[in-house]
Amino acid sequence: MADNPTPASPQVQRLKANSVGLVGVVFMAVATAAPITAMTGNLPIAVGFGNGNGTGAPAGYLFATLVLTVFSVGYVAMAKRITAAGAFYGYISHGLGRIAGMASGMLAVLAYIVFEASIVGVFAYFTKTTVADQLGVDLPWIVYAAAMLAVTAVLAYFDINLTAKALGVMLIAEIAVLFAVATAVLLNGGGPDGIPLEPVNPANAFTGASAGLGLFFAFWSWVGFESTAMYGEESRDPKRVIPRATLISVVGVGLFYIYVSWMTIAGNGLKGAVEVSASASPLDLFFDPTRSYIGAWAVDAFQWLLLTGSFACGMAFHQCASRYLYAIGREGFLHPALGRTHATHGSPYIASYVQSAIAVVLVGAFWLAGQDPYIHLYTLLAILGTMAILIVQTLCSFAVIGYFRKNHPEDRHWFRTFTAPLLGGIGMTAVVVLLVLNMETAAGLAADSLFFTLIPWIVGAVFFGGLGLGFYLKAKQPERYEIIGRIVLEDAAERDERTDEDHQPATV
């Protein structure tokens, strides 16, 4: 069955086809999840204040892996049918209608836009402290933030394959150090308590006074994995690559988080892990076992990899934001210039410029206000973006059900296209509730700021503003309303190496 085609098929400038393969897409997705940043930023909070009196954090990651895998079953079913740079925007538009799609698209744009600025903050913080500690040079954090913004803008101008290669190098390095420390603990039989089983007991994911906080930080560690679908138009054979990359990213990252968090707790001992996580030096949760089981030199290397890991994460989120701006721009929303691609590199270079400018404004505003790059810039924008993207993920699960109820009866399946997305949607709804209930604790010292108070209002204003725009277009500009989320790539099933297809017709 056709996916509600519209009468007109506008000509749009396409992203460069065949730019990235399975490995490259996986690198891009895992880089947004940022394993080293997620582990060092989230695990100490979960251990110090979360599940199972702290030591149940790995069980929290186990539960999150299961929920997100179920979510991904429906997500990849959609990815096999719809290939578009807008991902969630297009999926929800097809499954729940154009108005819901517009509102979700606005929320997704908000999320990915602020994520880059957020990660610039944590990068600047890590760089300032590491350079001062190891090189004795103490520069203002805004210097490092500006450097990251500039390098990211330059890399994003070129073919996505260049970014994928750069991310691959940085990603392998950060995964290697975390894996090396965890394996060293395992091979040495663990710490004071050996290799305890309590951390991976599933029941401990839900015990303790602050189990919800631990579960929220577990789910937070995956934010960005869903970005695989954004690279469908630039990947080789996207109908195969995107589903595989999504499942590899979710399951692979989940198993990695469980292993690293379990061994990190084991290396410190059950009591010691909770104590150090709740101390003034929570990074010692990782540095202490690294020093004990590998050596002091590895701690120095670990600190530098915190820099490269956060840089890779920020660069990946920049690519995500650019593609959402491009997807909305090529459909005539915001400014149509956003929908242009570079004649040689096939990159969404105008959208990338705009994203860089927005990130500069956000970072500059926090700097001028005298805010801390970690406590305020990173934390507050991360919470804002996470709230927005979790709502969109929830809607996407239900969109899968709506889409296959009306289209492609040959693909309908009781589990893949109904039960899994239903359970995924329920699970993601629970995660949104966890965020709301634990938002103040997650914000820490930044919870007293005006911006923190405004976060739910910003999310609500963007979502309802998107709904209002959708209703307005339906009533006043039906020709624009008809193409909301409808520009998809229909030739994506079997790509060869013929051309770059920069200006091929779109199918709506």
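The crossing of helix α4 with helix α5 is right-handed, in what is a predicted model. Helix α4 covers residues 88-96 and α5 covers residues 98-135, while a further partner of α4, helix α14, spans residues 373-406. Two packed helices are described by the angle between their axes together with the distance between those axes, and the points below follow that scheme for each pair.

**α4 with α5**

- The axes of α4 and α5 come within 7 Å and cross at roughly 160°.
- Because angles over 145 degrees count as roughly antiparallel, α4 and α5 are roughly antiparallel to each other.
- On the α4 side, Phe88, Tyr89, Ile92, Ser93 and Leu96 take part, and they meet Arg98, Ala100, Gly101, Met102, Ser104, Gly105 and Tyr112 of α5.
- Sorted by class, this contact of α4 with α5 has 7 nonpolar, 4 polar and 1 charged residues.

**α4 with α14**

- The axes of α4 and α14 come within 8 Å and cross at roughly 45°, which makes α4 oblique to α14.
- The crossing of α4 and α14 is left-handed.
- From α4, the contact is made by Phe88, Tyr91, Ile92, His94, Gly95 and Leu96, whereas α14 contributes Ile389, Val392, Gln393, Leu395, Cys396, Phe398, Ala399, Gly402 and Tyr403.
- By class, the contact of α4 with α14 has 11 nonpolar, 4 polar and no charged residues.

How values were computed: Residues numbered from 1 in each chain as written. Predicted model: local features only at pLDDT ≥ 70, side-chain atom pairs only at ≥ 80, totals over all residues. Heavy atoms only, no water. Axes fitted to C-alpha atoms, helices over the stretch in contact; angles between N-to-C directions. Helix = DSSP H or I, 4+ residues; strand = E, 2+ residues; numbered from the N terminus. Parallel < 35°, antiparallel > 145°, perpendicular 65-115°, else oblique. Left-handed = near helix turned anticlockwise from the far one by under 90°. Contact = heavy atoms within 4.5 Å. Nonpolar A, V, L, I, M, F, W, Y, C, P; charged D, E, K, R; others polar.
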